[in-house]
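I shall present one structure today, and I ask you to keep it in view while I go through its parts.

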Amino acid sequence: MKRKTAYMGLFLALALICSYIETLIPLPVGIPGVKLGLANLVTVLLLYSIGAKEAFWISVLRILLSGFLFGNAFGILYSLSGALFSFLVMLLVKKTGRLGCVSVSTAGGIFHNIGQLGMAVLVAGNAAVLYYFPVLLAAGALTGFVIGILAQEIIIRIGGRIHF
Amino acid sequence: MRRRFRKADWIFLAVTVCLIAALLFFFSFFRGEAGGSVVVTVDRTVYGTYPLSEDAVISIDTEDGHNVLTIRGGEAKMTEADCPDRLCVHQKAVSRSRETIVCLPHKVVVSVESRKENGLDAVAE
């Protein structure tokens with residue numbers, strides 16, 4: 001149990017560092033909401049090597065902490081709505097048992113942006129935000145795919161060695 | 001997990017790429033023409049409408065904070081905001097109809113309208 005607590009702390013720190021690194025590399029696309037989603041790497045890794053419950057809590061805690069450290073309350077709201085939606089979809093895609101980690105991550109990236117955009121429409125009360133819908137979907141798929149490839153290589157190499 | 005990609009993955013990714021390409025293609029038809037004016041809304045109510053043809057610096061004061069929208073050379077850009085993330089300021093300038101700039105913390109939405117959409121012209125057509 002103690003060993004697990006230490007491991008989870010380590011993964012939370014890792015996810016937090018990913019969030020921080022991401023704030024240092026803004027993608028110059030000029031469209032709000034497009035980002036790499038580096039921290040999702042940790043979520044996917046945990047989802048495959050430890051379990052859904054752990055992946056979920058690390059993801060939620062990471063968003064809360066990074067929101068307070070590098071962002072603001074609004075950032076937390078959007079990140080959370082995106083992350084919860086994305087996590088649910090990733091879990092469902094993984095449960096099918098037919099699709100690998102790259103597909104799971106790609107679906108996660110797409111639905112993260114759908115969740116975030118949905119929240120933006122609710123808050124702004126203006127469907128004009130939907131103008132960027134297709135671009136955000138494409139961006140989510142692309143970044144999800146890249147993160148999926150990275151996660152896959154990590155899982156193949158060290159995924160089996162993470163146990164308490 | 002030994003095999004990197006399975007057959008289902010290829011199918012899934014191919015379908016995803018096709019769907020998104022179709023969506024982008026479909027939406028490209030709705031890409032707006034050169035806009036006539038920008039409409040600024042704050043928390044769902046219209047704050048003001050400004051023509052893109054005249055250069056202007058518009059100060060937007062909301063309950064949540066302060067923004068400055070600058071219209072120059074037929075393009076509108078958010079040039080100042082006192083929100084924490086300033087995503088709206090980093091966003092590129094807008095000039096084509098239906099393009100928007102959003103400052104979510106202040107609930108400010110700036111959207112471009114085409115010339116036809118303004119007022120009576122739309123009714124007359």
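Let me begin with chain B, which is divided into domain 1, residues 1-30, and domain 2, residues 35-124; these bounds come from an automatic or database domain assignment. The C-alpha centres of the two domains of chain B lie 35 Å apart.

Before going further, a word on conventions. This is a predicted model, in which local features need pLDDT of at least 70 and side-chain atom pairs count only at pLDDT 80 or more, while totals for chains, interfaces and linings use all residues. Residues are numbered from 1 along each chain as its sequence is written, chains are lettered from A and ligands numbered from 1 in the order in which they are written, and side-chain values use heavy atoms, with hydrogens and water left out.

Strands (E, at least two residues) and helices (H or I, at least four) are DSSP runs numbered from the N terminus, and two strands pair if DSSP finds at least two bridges between them.

How many residues of chain A are in contact with chain B? Taking contact as heavy atoms within 4.5 Å, 40 residues of chain A touch 33 residues of chain B. Together the chains bury about 3100 Å², with 67% of it on carbon and sulfur atoms; buried area is the accessible area (1.4 Å probe) that two parts lose on being put together, summed over both. Tyr131(A), Tyr132(A) and Pro134(A) supply 17% of the area that chain A buries against chain B, more than any other three residues.

Which elements of chain A give two or more residues to this side? They are helices H4 (73-95), H5 (101-124) and H6 (133-158) of chain A. The largest share, 13 residues, comes from H6(A).

Lastly, salt bridges (a side-chain nitrogen of Lys or Arg within 4 Å of a carboxyl oxygen of Asp or Glu) number 0 between chain A and chain B.
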